[in-house]
Amino acid sequence: MEEERQRLAEEHSLSPTDLRGLFRVAESGDLTPKELAGHLALSSGAVTGISRRLVDAGLLQRVAQPEDRRSVRLQLTSEGHRTISAIHADFIAMVARATHGLPQEDVTTATDVLWRVTGALWERQSAIRAPGRSLPADIP
């Protein structure tokens, strides 16, 4: 997985951390830098660097908030949307190649398992990042 993340990042002239930031903004629609720092478990200084690089690359834009001119929200640009779409298309093609020739029942079962694992990982990450929370008993 780490090698794939590195490959994708390099293919798009990004660092793996910048790629994580881009994915998070894409998933959320828009985020403040502080929200992005919380999602990535990084300092505000680190997120300032990430957002600056992604803005300079034309993948993100900073949008001023009319209700608070000191605050901005990070959003994908058109190029950012194209980049995310290209990454998703690459992933979909890889999955299609990997599952080619398998019975649909096997693909359905594998998909269900992967969704369950993804949900458990999200739950674990949420528990780890939330102050004062511990992992639920059913999550090792």
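**The largest pocket and its surroundings**

Analyst: The largest pocket has a volume of about 1800 Å³. Please keep in mind that this is a predicted model. The lining of the pocket is made up of 32 residues, and those nearest its centre are Met1, Phe23, Phe91, Thr118 and Trp122. Which elements supply at least two residues each to this lining? They are H1, H2, H3, H5 and helix H6 (104–129). Helix H6 gives the largest share, with eleven residues.

The protein chain has six helices and three strands, and from the N terminus on they run α-α-β-α-α-β-β-α-α. Its C-alpha trace spans about 55 × 40 × 25 Å along the principal axes. Of its 140 residues, 25% count as buried.

Now let us turn to the largest nonpolar core. In soluble globular proteins, nonpolar side chains tend to be buried together. Here the largest nonpolar core holds 19 residues, and Leu14, Leu19, Leu22, Val25, Leu36, Leu54 and Leu60 touch the most other members. Helix H1 (2–11), helix H2 (16–28), helix H3 (33–40), helix H4 (44–56), strand S3 (68–76) and helix H5 (78–99) each supply at least two residues of the core.

An α-helix has 3.6 residues a turn, so residues three or four places apart point the same way. After H3 comes Ala41, with a positive phi near 55°.

Leaving out residues up to four places away in sequence, Leu60 touches Leu22, Val25, Leu54, Val55, Leu74, Gln75, Leu76 and Thr77. Is Thr77 buried or exposed? Thr77 has a relative accessible area of 15%, and because buried means under 20%, Thr77 counts as buried. The side chain of Thr77 reaches the backbone oxygen of Gly58 at 2.4 Å. Setting aside neighbours within four places in sequence, Thr77 is in contact with Gly58, Leu59, Leu60 and Gln61.

Notes: Residues numbered from 1 in each chain as written. Predicted model: local features only at pLDDT ≥ 70, side-chain atom pairs only at ≥ 80, totals over all residues. Heavy atoms only, no water. Core = buried A, V, L, I, M, F, W, Y, C linked by side-chain atoms within 4.5 Å. Buried < 20%, exposed > 50% of the residue type's maximum accessible area, 1.4 Å probe, protein only. Helix = DSSP H or I, 4+ residues; strand = E, 2+ residues; numbered from the N terminus. Contact = heavy atoms within 4.5 Å. Polar contact = N/O pair within 3.5 Å; in protein donor to acceptor, adjacent residues only side chain to side chain. 1 Å grid on protein atoms, 1.4 Å probe; cavity = no way out; pocket = protein on both sides within 12 Å on 5 of 7 lines; lining within 4 Å. Points joined across faces, edges and corners; volume = space filled by probe spheres on them.
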